[in-house]
Amino acid sequence: MDAVRWERVQSLFHAALDHPETERRAFLEAACADDPDILLEVLELLDEDARVGSVLDRGLATIAHEVLELPEPAMRMFGPYRILRLLGEGGMGVVYLAEREDLGTRVAVKMLRDAALSPARRERFAVEQRTLAQLNHPSIARLYDAGTLPDGTPYIVMEYVEGEPLNAYCARHSATLPERLRLFMAACEAVQHAHRHAIIHRDIKPSNILVTEGGSVKLLDFGVAKHLERQDASADMTRTGLRPMTPAYAAPEQITGDPIGTYTDVYALGVVLYELLTGRLPYDLSDRTPGQAEREILEREPERPSVAARRSGSDRASGSLAPVSADPRAWADLDVLCMTAMHKDPQRRYRTVDALIRDVERFLTNRPLEARPDSWRYRMGKFLRRHQRPVAAAAVVLCAMIGLVVFYTVRLAAARDAAVAEAARARRIQQFTLSLFEGGDPTVGPSDTTRVLTLLERGVQEAHVLENEPAMKAEVLETLGEIFQKLGDFARAESLLVAALDLRRERLGADHPDVVPSLIALGALRQEQARYEEAERLVREALVLGRRHYLSEHPIMIEAMVTLGSVLQARGDFDGATAVLQDAIRLESARGPATPELASALNILAITRHYAGDYEAADSLNLRLLAMSRELYGERHPNVADDLINLGASQFERGRYSEAEELFRQALDIILGFHGPDHHKTASILTILGRALVAQARYDEADDLLRRALAVRERVFGQDHPHVASTLNELAQVAGARGDTELEEAYYRRMSDIYEAAHGTRHYLVGIAKSNLATVFMKRDQYEQAEALLREVVGLFIETLSADHMNTAIARVKLGRVLARRGQWAEAEVESRAGYEIIKAQADPSSNWLRFVRGDLVEAYEALGRPEEAARFRAELVATAP
Amino acid sequence: MDKPTLDHLFSATYEELRRLAASVSHRDPNRTLNPTALVNEAYLKLADSLPSGSTSRLHFKRIAARAMRQVLVEAARRRNALKRGGDVAFVTLDDELDVAANTAQDLLDLDRALDDLAKMHPRQALMVECRFFGGLDIAETAELLEVSESTILRDWRAARAWLARQLRRAG
């Protein structure tokens, strides 16, 4: 039939259908009088139209089942194995029960069907095999054997688990809440074991968790597992977009294609728990379009388990899992447990499966949970988390290198959350702040700082409407001020915090207890603005006022003391800081052995002792902190890694490089497990570790690590980001140490270019890059170029830092040596001497730079014929010889 | 689409079909049972390798529908070959197998009939492929083919009748 005729047939067909059935034939006979064939054709079609039963009317599922289902494996016998029957099948492969004839034992054999179809599938199967080979845990099915059939079908032989899926088991046994939770914990432990081997399961769901008749749990199907460290094909797969998962259990990051981590498994475990508690899934994704399904998972908050369980109780299908019964208080905890595991923001989930297990244990033994529901401050500040406070900048400015910055999350925030949550106004304020973010526009979801700033501005506007409620208005202003402070906008922060303080004083009176937190907040800001005197005055005022209203162990008083300690440390008053921090720690310890506030105070004290040169004390504090972080956050949490880095930095400082290296490696291991290889934090630790290797003259290893760090940073931040420049600085030093001045020069030049592009030519970081570049010229005896560069650098440092800055001094010392090499002794003496005076006023007497410049001065004075001065510096040299 | 992407697309489609097929025998409530959900899941797995926007989503579904048709027809061919004297030792004569053999033949006939329909009316053939193999709904099919929903409904009714007639003749 051709197209024209088909058109005619169709139009007759539709026209006939428009007639009542009894009149159709008459209509057609009249219409097709000229063409009896077409009449027949249309009548046949009408006939078919009335029938059902062709393949088109059957579901595709049934058809796929019938056509794809090969009833038998490719071979019944291979090697010592005899296939007994089909156990199950999934997308990847089909699993058979088999018997090992020589031993008489039963095993499960998984075969990759149609292996020839796709290399990607073969690779994934191989990855599964390697993964299983690595794991050895009573709750993970073991790998026995693997191979390929003669027809090319790959297979793996595993432990045979005779059991049923977790939820089916619980349904059949009408398991109680504690029974379900214990099974769940066993599954968690298996997942945790995999995580310790840097393996993420990625497809956790009840049908992959079997329970045997004896009640032991087995985690199955590592078919889509991902190895965190290895660059295997599964990583490749993730990049190109194939993200294996089961949507109902898929975490938001699996939908968006964001990095997958151990937290992805925590999410899936949360969904499994949800199902165990309520008998239903958090999201019903059947018959959803992809867009709807994505939005459900990414945006909609699931019903709380307590609510879902109530609903399940009434409309549950027979034979399915019944919701657990629990009293309202238990439900409140279960809601928090479940929703923390399933949090859409990976950072807000349990950081490790261990932490999840611990909270389940706490629940079972009636102890309070570690997890806390989201506070309004969290909701408001969740996009600011990246702004962390740099502390423990342990690297000293040697050779004017860029300081090593160790980031430390502000743990105080969590403590304040709890305090505010207790406040009576919390609910109102919550509504207020949430309305800021919702604000009528459904697409508003602050995803970047700019957007957040806009929202904050709106918040400031709206806060002014709260004239009748000064207490609440002050609190809102203060919160907004603190957020601006975290964002680094000190001017906005200042006006808001000052307004909050003024408002409280004016409406409540200068002696009111609520003035105390305002004073502390403003004091903390002043510290960040480097206005230390004012900071100290404000915080001391807060303490004086606070003593009239609060007991000394009140959280606000402890916060004031910790803030004062921090201010004093910044002022260089290490003894004063130590005293007040020790008081705060003593008081806080009475509240509990491990609180975030205590961790914060210990951390500041450790840094204080470190700066004071009291490394022993810093170490013991850091060790205590480490134990506490492990208790609070679990073994493999980034906070634990931070503590390890602080410990390592202290070892590094004392020249114990291999000890430092070991600690840095432990930190790296945690961060790799947590963030994966492609994270900026991983790059930071690689850089720190690289420095520890440089110190041990292990340049090849250092070079390798630093190049990895460089690649990550280039990927994460872009080629021209200042973070890339700091790694270039390290690489340049390695190149220099190996005598490759060409490469060293190239690195410094690129570093300088990056800083110029980012900050403009008049920035001290540009000066640091150029100062280092000058050192390369000095090494090559290219004194003319070195001199020009250093003169520029000295001017730049004086302009951007100050004439008395350590960096200025170092540049002048270098310039002095260059001038000496060129025989310009008079000028050389001026520069060296000026540098000497600055350094002597600041650094400790054993400084390498002092030794360096004293030697130069001896030489200069001898050349200039000024023997007394030469003798003076020679004597100093001898006196300070190491 | 580049080759690795196509390979992944094909793998995903194939595996989803396998899961779909398996769901019939297992009646696992966690498994989804209709082709709409199936294509959706395959889509979710592949979404970020595709340009964003609803057009690309439909484009993907169209390709997925084609891939499913290919996978199923391939399987039907193999099954037919088996029936005609492949590895006889493994063929047990139970009813289910006979049904399966018939289904395989039906699929091969449908494949051929669709090719014929494509010669008479390419849009209708594409429509059947998308709806039957890809699980696209009326609205999506209409958007993809840039016609009204009522046109899709009319076309579907005519094409369905015609294909059913072709299948009956073949069988």
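User: Why are A:Arg540 and A:Glu536 separated by about one helical turn?
Analyst: Because A:Arg540 and A:Glu536 are 4 residues apart in helix 22 (residues 532-549) of chain A, about one helical turn separates them; helices here are DSSP runs of H or I with at least four residues, strands are runs of E with at least two, and both are numbered from the N terminus. This is a predicted model, in which local features need pLDDT of at least 70 and side-chain atom pairs count only at pLDDT 80 or more, whereas totals for chains, interfaces and linings use all residues. Residues are numbered from 1 along each chain as its sequence is written, chains are lettered from A and ligands numbered from 1 in the order in which they are written, and side-chain values use heavy atoms, with hydrogens and water left out.

User: How far apart are the closest N and O atoms of A:Arg540 and A:Glu536?
Analyst: They are 2.9 Å apart, and the two residues form a salt bridge, meaning a side-chain nitrogen of Lys or Arg within 4 Å of a carboxyl oxygen of Asp or Glu.

User: Buried or exposed, what is A:Glu536?
Analyst: A:Glu536 is buried because its relative accessible area is 14%, while A:Arg540, at 38%, counts as partly exposed; buried means under 20%, exposed over 50% and partly exposed in between, with a 1.4 Å probe and protein chains only.

User: Which pair links distant parts of the chain, 37 residues apart?
Analyst: The side chains of A:Arg698 and A:Glu661 meet in a salt bridge at 2.7 Å, N to O. A:Arg698 sits in the loop between helix 29 (680-695) and helix 30 (699-717) of chain A, and A:Glu661 in helix 28 (residues 657-675) of chain A. With a relative accessible area of 25%, A:Arg698 is partly exposed, whereas A:Glu661, at 8%, counts as buried.

User: And how many salt bridges over all chains?
Analyst: The count comes to 66. In chain B, a network of salt bridges links B:Arg66, B:Arg69, B:Arg77, B:Asp111, B:Asp115 and B:Glu129.

User: Which residues touch the most other members of the largest nonpolar core?
Analyst: Of its 70 residues, A:Phe184, A:Leu337, A:Leu356 and A:Phe363 do; such a core is a set of buried Ala, Val, Leu, Ile, Met, Phe, Trp, Tyr and Cys residues joined through side-chain atoms within 4.5 Å. Helix 7 (residues 177-196) of chain A gives the largest share of this core, 11 residues. In soluble globular proteins, nonpolar side chains tend to be buried together.

User: What does A:Phe363 touch?
Analyst: Leaving aside residues up to four places away in sequence, A:Phe363 touches A:Leu177, A:Leu181, A:Ala330, A:Asp333, A:Leu334, A:Leu337 and A:Leu369, a contact being heavy atoms within 4.5 Å. Apart from that core lies another, of 64 residues, including A:Leu686, A:Leu705, A:Phe777 and A:Leu789.

User: How many helices and strands are there in chain B?
Analyst: Chain B has 7 helices and 0 strands, and of its 171 residues, 57% count as buried. Among contacts in chain B between residues at least 6 apart in sequence, 61% join residues at least 24 apart.
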